[in-house]
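Biologist: I'm new to reading protein models. Could you walk me through some features, one by one?

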Amino acid sequence: MKSVFFTLFIISFSTGYAFQIDQKQERYVALAAENIDNEPELARAYLDSISNPSEAKLKSLLGTYYFLRGKIADQDYDRTAFVLNFAKSLQYAEKYKEYKVAAQSSGYLASNFYLIKKDSLADTYLEKAKRYYTKIKDTSGLLDVMQFPAYAKYVNSEAEESISMVLEDLETYKNVENDQMYYSFAIFLLTSNYLHLGDIDKAHEYNSIYKSLEGNEYIEPYYYLTYNNSIKTCFVEYYFKYQNLDSVKYYLDGIYLKEGSKDINVQKQLYEDYIKYYRLTNNLEKEKIYLDSLGRFNKSLLEKASVSSVNLIEELSETQLVLNEESINKQKTRRYIYFLLAGIALLLVLLILYFKKIKKKEYQISDISSSFQNLRSKQEKLAVKNVELEEFLVSVRKDVKQIALMDSLNEQRKSINNLYKKIHLSQNDFVNSDDHLKVISSINEDFFLQAEKDFPQLDDLEVLICYYLLTGFKNKEIAMFTKRSLRAIESKRYRVAKKLGVDSSKETLKDFLNRKFNR
């Protein structure tokens, strides 16, 4: 379910170096690039035709060569080779200023390290991808980067936040010309997230949209199938939870693995889900068959991991030898330059020390004077601001006392609305301050005391939302009062209802509150 989502690319080649790239090798790289997504085995054959790839043979194409190797490792689910090849691709792409390849390699590495470690290394690579895409003004690449936070939230099981991020930019993804990969990935995220939240109706709604994208000329079949299998795996997980075994079997049988598929995540999950299904249906014979298959599958993974580790050590050794040779040559060149510059540098240092000594006291005096003036200015502004805020709070408290004395709920609601308009026009910072809840709670102390007693599971904002709902305010007005988005308020209402155990099929949260507080 956690597949690399960074989208497809167009390989660009550079020329004009001191030694021309071998034309035959260049042709092999170009053909591999053309077939990497639709015919990965053909692309692998072209790359294998390049014996002992090196800078001497490929020059600026070496970054592209390792990029394509990384793509093949991704489809092989060989994470060791994946990291090694994309790291090399980034190294050579940066060296030869192939920023497109550098950006894409950074994107793949960011995704990989986030899934494995969720640490700052992923953020470092993501920033590199963003910087290089911006440098070459690649709007499509920047869309990749834009989708990553929503994907990260999804991986981290923060479904509601992921949904909110995707919906905010859904139309942007949908309207990308000649590329529906962004849109299909967004729909995949929405379907999977809604399933994790248990909202089966929404999940089916977006799954129908995803199905309608099958065969779209702007979506690579490999990626469509990968996301489709992930969605079906999520449906299986959902129906297992509710013991709907007929639906579990339907979606399990719908997961399609192409012949020779190396999607080990889906394969392993498929074995485990079939084992669970046959165990629940008391089919011990079928359960044993899949248990044996899973055992053989895990054994083959261990064998592949061992081979991959050996290959990694060999690759690193070869790479280190090349780097050491380059380092020695560079050191020889630098040594001559250092001797030439040493005398000039010494003179410059002496001059700098002399002038620093003269200017040091002048700078100190200037800094002290400037700091004093800034501090004095800030203190004066703060004093004026404090006076204005005190006067404003006195005025608000006076209005609150008048509202609290009103018997009519409608009049009270109207007055609260006017008070908020006054607050937003005069003191916008007040809405986000601690005085907000204090002021509102003083209007109807009985409600807030009872809410604190009966609903200890609610936080301050949730209690405040309940009060506004009870008073008759709409979501849009509550959003304005609390400086939140409309979507955030709707989400909060849903969570409050869930915390209070409100049966949404029988009554709304507002009806529940009216009944609870006898209104």
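Biologist: Let's start with K249. Which residue does K249 form a salt bridge with?

Modeller: Here's the general idea: side chains of opposite charge can pair when their charged atoms come close. This is a predicted model, and in it K249 pairs with D253, with the closest N and O atoms 2.7 Å apart.

Biologist: How do K249 and D253 sit relative to each other in helix α13?

Modeller: In an α-helix there are 3.6 residues a turn, so residues three or four places apart point the same way. K249 and D253 are four residues apart in helix α13 (residues 245–254), so about one helical turn separates them.

Biologist: And is K249 buried or exposed, or partly exposed?

Modeller: Buried means under 20% relative accessible area and exposed means over 50%, with partly exposed in between. K249 has 23%, so K249 is partly exposed. D253 has 44%, so D253 is partly exposed too. Elsewhere, salt bridges with shared partners join D459, E462, K492 and K499 into one network.

Biologist: How many salt bridges does the count come to?

Modeller: The count comes to 19. One of them is between the side chains of D48 and R69, at 2.7 Å from N to O. D48 lies in helix α2 (residues 40–48) and R69 in helix α4 (residues 61–76), so this pair ties together parts that are 21 residues apart in sequence.

Biologist: What about the accessibility of D48 and of R69?

Modeller: D48 has 46% relative accessibility, so D48 counts as partly exposed. R69 has 18%, so R69 counts as buried.

Biologist: Which distant parts of the chain does the pair of E160 and R495 link?

Modeller: The side chains of E160 and R495 meet in a salt bridge at 3.4 Å, N to O. E160 is in helix α9 (residues 159–174) and R495 is in helix α21 (residues 486–500), 335 residues apart. E160 counts as partly exposed at 25% relative accessibility, and R495 does at 31%.

Biologist: How many residues of α10 are buried?

Modeller: 15 of the 17 are buried, so α10 is largely enclosed by the rest of the structure.

Biologist: Which residues have the most contacts inside the largest nonpolar core?

Modeller: That core has 88 residues, and those with the most contacts inside it are L68, F188, L189, L190, F235 and L252. Helix α10 gives the largest share of this core, 11 residues. There is also a second, separate core of 32 residues, with L419, Y468, L469 and A479 among them.

Biologist: Let's turn to the surface. Which residues form a nonpolar patch there?

Modeller: Among them are I337, Y338, L340, F355 and I358, and the whole patch has about 1,100 Å² of accessible area. I358 is found in helix α15 (residues 284–404). With 40% relative accessibility, I358 counts as partly exposed.

Biologist: Where does UniProt place a "transmembrane region"?

Modeller: An unreviewed UniProt entry places that feature at residues 336–355. In the model, this span is 100% helix and 0% strand, and its end C-alpha atoms lie 30 Å apart.

Terms used
Residues numbered from 1 in each chain as written. Predicted model: local features only at pLDDT ≥ 70, side-chain atom pairs only at ≥ 80, totals over all residues. Heavy atoms only, no water. Patch = residues over 30% accessible without salt bridge, like charges linked within 9 Å, V, L, I, M, F, W, Y side chains within 5 Å. Areas by Shrake-Rupley, 256 points an atom, 1.4 Å probe, with all protein chains shown as cover. Salt bridge = Lys/Arg side-chain N within 4 Å of Asp/Glu carboxyl O. Helix = DSSP H or I, 4+ residues; strand = E, 2+ residues; numbered from the N terminus. Buried < 20%, exposed > 50% of the residue type's maximum accessible area, 1.4 Å probe, protein only. UniProt positions renumbered as here; feature names shortened; annotations may be inferred. Core = buried A, V, L, I, M, F, W, Y, C linked by side-chain atoms within 4.5 Å.
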